[in-house]
Amino acid sequence: MTPTTFGEIALAAPIQRALKEQNYVSPSPIQAQSIPTLLKGQDLLGIAQTGTGKTAAFSLPILNALHENPSRPKSRSARVLVLTPTRELATQISASFETYGRHINFSKTLIFGGVGKNPQIRAIRNGVDVLVACPGRLLDHMDQGDVDLSGVEFFVLDEVDRMLDMGFLRDVKRIIAALPRKRQSLFFSATLSPTIDELARSILYKPASVSIAPKTTTAEKVDQRVCFVDRENKKELLAKHLEEERNKGLTIIFS
Ligand code: AMP
């Protein structure tokens, strides 16, 4: 049965406490559907956008695993790798891990471009629990021998469609090739094109699938009306509307 409160989900007490402090009572649909599955160790294919609560959907079960199963991360490696397309998303994800994991002992670091490499190299030298990274800079570090992904136990590929739009497909494939085969993988994308589907199949093992339809919103600047009209009167009605809109600017007709 799908849980309706966080209390019904088997998350450890320090995580429940952090959720209470955030005033989270009910899991969002993606959380309710994916957290119980992820706690069992299954892979996940999640079709969901930002704003659905997907960050907690993946960070809560991962934090739970780190709490229940503490072990020293390998040097220059991470137990958890979250790959995300932009620095802003990476920063937000890292902040979420901090919020939800505030009563848990774990280390984390961020890797993205546009800033110095040396502090990042120092931060991961002795290994970290959670590494949130953007593909380009992570590969740089891997190529230099400063980061080694052989210690990864949990792999999250976030915003895959945006990652591909930004031209990261090759980089992402190279990163995936460096991961150990035995791991739990979580894959999130707002859309599922054939390329994305193929990528998902190549990295997931018997995944559970969760799909959350985005809330449909309309552009605020667009006025919308519906006119019920018989087919034979359509052209005439269109002509009438065009006449009304005449002095307001350009018109596009979708048909
Ligand atoms: P996300 O889609 O992960 O970016 O989350 C969207 C926003 O929803 C964030 O500001 C979260 O803090 C908030 N949020 C996530 N899950 C919950 C929840 N179960 N209850 C209340 N707020 C939540």
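This is a predicted model: local features need pLDDT of at least 70, side-chain atom pairs count only at pLDDT 80 or more; totals for chains, interfaces and linings use all residues.
Which residues in α4 are buried?

Start with the helix itself. α4 runs over residues 87–100, which makes 14 residues. At 1.5 Å a residue, α4 should span 20 Å. Its end C-alpha atoms are 20 Å apart, so expectation and model agree.

Now the answer. Leu89, Ala90, Ile93, Ser94, Ser96, Phe97 and Tyr100 are the buried ones in α4. Look down the helix axis: these buried residues sit within an arc of 155°, so they line one face of α4. An α-helix has 3.6 residues a turn, so residues three or four places apart point the same way.

What do the buried residues of α4 pack against? On the helix side, α1 (13–21), α3 (54–68) and α7 (160–165). On the strand side, β2 (78–83), β3 (108–111) and β4 (128–133).

Next, one single residue. Glutamine 31 belongs to helix α2, residues 29–39. Is glutamine 31 buried or exposed? Buried: its relative accessible area is 5%, and the cut-off for buried is under 20%. Setting aside neighbours within four places in sequence, glutamine 31 contacts Phe6, Ser26, Pro36, Gly53, Ala56 and Ala57.

Last, a helix pair. α8 covers residues 169–177 and α9 covers residues 194–203. Their axes come within 12 Å and cross at roughly 10°. Angles under 35 degrees count as roughly parallel, so α8 and α9 are roughly parallel to each other. From α8, Leu169, Val172, Lys173 and Ile176 meet Thr195, Leu199 and Ile203 of α9. By type, the residues of that contact are five nonpolar, one polar and one charged.

Technical notes: Residues are numbered from 1 along each chain as its sequence is written. Side-chain values use heavy atoms; hydrogens and water are left out. Helices (H or I, at least four residues) and strands (E, at least two) are DSSP runs, numbered from the N terminus. The expected span of a helix is 1.5 Å times one less than its number of residues. Buried means under 20% relative accessible area, exposed over 50%, partly exposed in between (1.4 Å probe, protein chains only). The arc is that of the directions from the helix axis to the C-beta atoms. Contact means heavy atoms within 4.5 Å. Axes are lines fitted to C-alpha atoms, for helices over the stretch in contact, and angles run from 0 to 180 degrees between N-to-C directions. Angles under 35 degrees count as roughly parallel, over 145 as roughly antiparallel, 65 to 115 as roughly perpendicular and the rest as oblique. Ala, Val, Leu, Ile, Met, Phe, Trp, Tyr, Cys and Pro count as nonpolar, Asp, Glu, Lys and Arg as charged, and the others, Gly among them, as polar.
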